[in-house]
Amino acid sequence: LTEGAYSFCMGSDVRPDGSVYDGDGVTPIESALAMKEYVPHADTMILDDVGHFCWSDVFGGETVAPDLTKYHREGRPWYGDDVIIEKWAGWL
């Protein structure tokens, strides 16, 4: 899932195997921050080591996103976890 999603969002200067991408497992950080180019005063927030979704909590997660499911099962938080919501909700 990650390679396909990231490749779709990124330019040709990025390796097609997805190995150089960084992000939340669905959206590459470069893509998420790209709006700064068009809206220079836009605020941004980066949450380190946070996943896009709670993959291990849903049926089919291991099929759709095996690596992301593994990371979530091992304790990687996602945007909807209470401790992560506390970091971004007030920023809105």
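This is a predicted model: local features need pLDDT of at least 70, side-chain atom pairs count only at pLDDT 80 or more; totals for chains, interfaces and linings use all residues.
Residues are numbered from 1 along each chain as its sequence is written, and side-chain values use heavy atoms, with hydrogens and water left out.

Next I turned to the rings. I found two aromatic pairs in the structure. Phe53 and Trp55 have ring centres 5.0 Å apart and planes at 75°, so I logged the pair as edge-to-face. For pairing, rings of Phe, Tyr and Trp (its six-membered ring) need centres within 6.5 Å; planes under 30 degrees apart are stacked, over 60 edge-to-face, the rest tilted. Trp55 is buried, at a relative accessible area of 14%.

Phe53 also pairs with Trp78: the centres are 5.8 Å apart and the planes at 65°, so this is edge-to-face. That pair links distant parts of the chain, 25 residues apart, with Phe53 in the loop between helix H2 (29–32) and helix H3 (61–64) and Trp78 in the loop between helix H4 (66–73) and helix H5 (82–88). Helices here are DSSP runs (H or I, at least four residues), numbered from the N terminus. I noted Phe53, Trp55 and Trp78 as one aromatic cluster.

Last, I checked Asp49, in the loop between H2 and H3. Its phi is near 55°, a positive value in a residue other than glycine. Asp49 is exposed, with a relative accessible area of 56%.

How values were computed:
Buried means under 20% relative accessible area, exposed over 50%, partly exposed in between (1.4 Å probe, protein chains only). Helices (H or I, at least four residues) and strands (E, at least two) are DSSP runs, numbered from the N terminus.
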